[in-house]
Amino acid sequence: MKRDNFLGFLLFLFSFVVPKQKNLMIMGGGDAKVFQGNPKYLLLYLKNNKDFSCYWSAKSKDVISELIQKKIPYLNPYSISGFFILLRAKYHFIEKSSYDTYYSHRISGWFNFIQTWHGTPNKFVGVDAAIFLKENKGYMYENKFFNRFLKKIKFYSRQRYKYILSTSDYVSDIFKGAFENSNIIKTGYPRNDIFFNKDLVTEDFKKSFELDKYDRIFLYAPTFRDTTLSVSPFSAKIYELDRYLKQTNSCLIIKKHP
């Protein structure tokens, strides 16, 4: 944490004097510890485009090994070269918070962050979520005079996103309130483009998971909740479920929320 604070402070100071490189872009996801999400598919689409220089921000040795294997350009934000690439990048593409690419969950300094997000708001997100209000105690004071001033100068990270990607007019309206930011562009999500253009598919999960050998495939993809659940989805029933899957030649795929 001390290292992040120190590097973040240096990045903040230098961001106002070091010029940005127009075609240099940084992508990140999962707190820069996983290669995933909309920034991943945007990088895969652009990595062979000579008009852009794109890097994945990687803080984990495991993800660095994965990127090397897949020949994906990456940077380590804790290296000297990584620090200066972060500093020079014109745009940072994230899926959750600015910690996806650099040292803090709060945007500070002169940077352009593009929030690509990681799901569809079928439940409350951002400042609309009860959990946000509970865990961010400072938010309850945002209606006080000083906090109204901070909102006016767009101090809060959610207000400072250069753009926020949306999938529809419905989602755009929700995001405007949840992020208190009107810089919404309706582009769809990069990771969904594989459903419309098979040439963009880079990984054959059907083959790697050997899904052809199953009669049925079930997907469980829980989202984040802003209330506590009283029931655990599997608990002791997991062994009973496992027996059912074997008896029916079925497969259960679990896609966890970050």
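Good morning. In this structure, helix α1 passes helix α4 in a right-handed crossing. Please bear in mind throughout that the model is a predicted one.

Let me stay with this pair of helices for a moment. Two packed helices are described by the angle between their axes and the distance between the axes. Here, the axes of α1 and α4, the latter covering residues 80-88, come within 10 Å and cross at roughly 40 degrees. The two helices are therefore oblique to each other.

Helix α1 itself spans residues 2-14, and Phe 12 has its place there. Phe 12 is partly exposed, at a relative accessible area of 30%. Phe 12 also belongs to a nonpolar patch on the surface, together with Phe 9, Leu 13, Phe 14, Phe 16, Val 17 and Trp 110. Taken together, these residues have about 710 Å² of accessible area.

Is Ile 64 buried or exposed? Its relative accessible area is 15%, and Ile 64 is therefore buried, the cut-off being under 20%. Between the C-alpha atoms of Ile 64 and Leu 75 the separation is 8.6 Å, with the two residues 11 apart along the chain.

My next topic is charge. Side chains of opposite charge can pair when their charged atoms come close. How many salt bridges does a search of the whole structure find? The search finds 9 salt bridges, and I shall present some of them.

One of these joins Glu 203 to Lys 70, at 3.2 Å from N to O. Glu 203 sits in the loop between β7 and α9, whereas Lys 70 sits in the loop between α3 and β3, so this pair ties together parts that are 133 residues apart in sequence. Glu 203 is partly exposed at 23% relative accessibility, and Lys 70 is partly exposed at 32%. Both residues also take part in a network of salt bridges that links them with Lys 40 and Glu 66.

A further salt bridge is formed by Glu 180 and Arg 158, whose closest N and O atoms are 2.7 Å apart. Which parts of the chain does this pair tie together? Glu 180 is in the loop between α8 and β7, and Arg 158 is in helix α7, so the parts joined are 22 residues apart in sequence. Glu 180 is partly exposed, with a relative accessible area of 25%, whereas Arg 158 counts as buried at 11%.

Lys 213 and Glu 210 provide another example, their side chains meeting in a salt bridge of 3.2 Å, N to O. Lys 213 is partly exposed, with a relative accessible area of 48%, and Glu 210 is partly exposed as well, at 47%.

Trp 117 is not a glycine, yet has a positive phi of about 60 degrees. This residue lies in the loop between β5, residues 113-115, and α5, residues 130-135. Trp 117 counts as buried, at 12% relative accessibility.

Asn 249, a residue other than glycine, likewise has a positive phi, near 50 degrees. Its location is the loop between α10, residues 238-247, and β9, residues 250-254. Asn 249 is partly exposed, with a relative accessible area of 29%.

Thank you for your attention.

Notes
Residues are numbered from 1 along each chain as its sequence is written. This is a predicted model: local features need pLDDT of at least 70, side-chain atom pairs count only at pLDDT 80 or more; totals for chains, interfaces and linings use all residues. Side-chain values use heavy atoms; hydrogens and water are left out. Patches are made of residues with over 30% relative accessible area and no salt bridge: like charges are joined within 9 Å, nonpolar side chains (Val, Leu, Ile, Met, Phe, Trp, Tyr) within 5 Å. Accessible areas come from the Shrake-Rupley method with a 1.4 Å probe; for residues, only the protein chains shown count as cover. A salt bridge is a side-chain nitrogen of Lys or Arg within 4 Å of a carboxyl oxygen of Asp or Glu. Helices (H or I, at least four residues) and strands (E, at least two) are DSSP runs, numbered from the N terminus. Buried means under 20% relative accessible area, exposed over 50%, partly exposed in between (1.4 Å probe, protein chains only). Axes are lines fitted to C-alpha atoms, for helices over the stretch in contact, and angles run from 0 to 180 degrees between N-to-C directions. Angles under 35 degrees count as roughly parallel, over 145 as roughly antiparallel, 65 to 115 as roughly perpendicular and the rest as oblique. A crossing is left-handed if the near helix is turned anticlockwise from the far one by less than a right angle, and right-handed if clockwise.
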